[in-house]
Amino acid sequence: MASGSLAEFSNLGEFFYRSLKPNARPIDFSADLVCPSDGKVLCVGRVDETERRVPLVKGLSYSLDALLGKESHVSLDNGAAVDPRLNADAHNPVKKGNGLHFCVIYLAPGDYHKFHSPADWTVHARRHFAGELLSVAPWIAAKIRNLFIINERVSLAGTWKHGFFSMIPVGATNVGSIVIDFDSELKTNTPDVPSATFPIGTFRERAMNVALEKGDPVGGFRLGSTVVLVFEAPEDFKFVVKDGDVVKMGTRLGK
C-alpha cells in the first residue's frame, strides 16, 4: 500500500481505503479481461439466458433482471434519463455466437479495497439500488438466497468490443459507502435514497458516457465487499480462474 503508518489516517475507513504503491498491481494488457480487484473468486460461468438467472453457489441463483434493474422500478437522479436503447438491463438479445458470462469476486476486509476497470469499455448508465448491508462473506452467500439483489449496490452498464458489459459493486456489512470516482452525484448508504422496504429492483439511474481502459480506477469500498461482472462474449470465451481462486487486480481473468 502507498502509506505504511496508521498515524497517517484519521479513521479506520481511510485506512481501509488507502491506495496502492505505484506498479504494485501490474496490468496484463494482453488479456481481454483482467481482475477488477483483489479477492477470492466465488463463482464464474455462463448466465442462463433462457431463465435469465445467474448461478451463485451450491445450487443457488438470482435473477439477472433484479440484479441489473427493470425500467418499471426506476426514478431519476439529476441528469438525462437513460435511453432504453443503451441496454442497461441486458434486455437485447446477444449477438450470434455470443453468450452472457459472469464472475463474482469477494473482497475480504484485508484486501485492497479499490476496484478498477477489467476491460476496455464505455459506461453508458449508472444505477444505484438502495438495500440492506448484509455480510457477503462466502459462507453467508451460500445460505442467503438473493443476497446480491437484497444488498445495496451500484450497476455500471455499457458496452465493450463484444457487446453488453456491466460491473456491479455490491455493498456489505460495515461498508459505509460505495465510491464511483467519476460520479460525484452518487450517494450510497444514506437516508436520502429509497430504503430496503422498497420493492426489490428499485433504483435511481443516471446516463453517462465514460470511456475506460483496463486498469483505470473506477471506485472502491470502505471495507470488504463483492464485485460482480456480467458481460457478453463469444460462447467459447474461457475464464482462466476457477471458483475459490485468490486473485489480484490486473491479472488475467479470461480470454
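A polar contact is a pair of N or O atoms within 3.5 Å; within protein, one must be able to donate a hydrogen and the other to accept it, and residues adjacent in sequence count only if both atoms are side-chain atoms. Keep that in mind for this one.

The model is predicted: local features need pLDDT of at least 70, side-chain atom pairs count only at pLDDT 80 or more, and totals for chains, interfaces and linings use all residues. Residues are numbered from 1 along each chain as its sequence is written, and side-chain values use heavy atoms, with hydrogens and water left out.

Start with Glu205. It sits in strand E12, residues 203-212; strands are DSSP runs of at least two residues, numbered from the N terminus. Its relative accessibility is 2%, so Glu205 counts as buried, meaning under 20% relative accessible area with a 1.4 Å probe, protein chains only. Its side chain makes a polar contact of 3.0 Å with the side chain of Arg127.

Next, His113. Where is His113 found? In the loop between strand E6 (98-106) and strand E7 (114-116). His113 is buried because its relative accessibility is 1%. A polar atom of its side chain lies 2.3 Å from the backbone oxygen of Asp111. Arg222 is 109 residues away along the chain, yet the two C-alpha atoms are 6.9 Å apart.

Now the cores. A nonpolar core is a set of buried Ala, Val, Leu, Ile, Met, Phe, Trp, Tyr and Cys residues joined through side-chain atoms within 4.5 Å. The largest has 33 residues, and Trp160 is among those touching the most other members. Strand E14, residues 226-234, gives the largest share, four residues. A second, separate core has 23 residues, including Tyr106 and Val228.

How values were computed:
Buried < 20%, exposed > 50% of the residue type's maximum accessible area, 1.4 Å probe, protein only.
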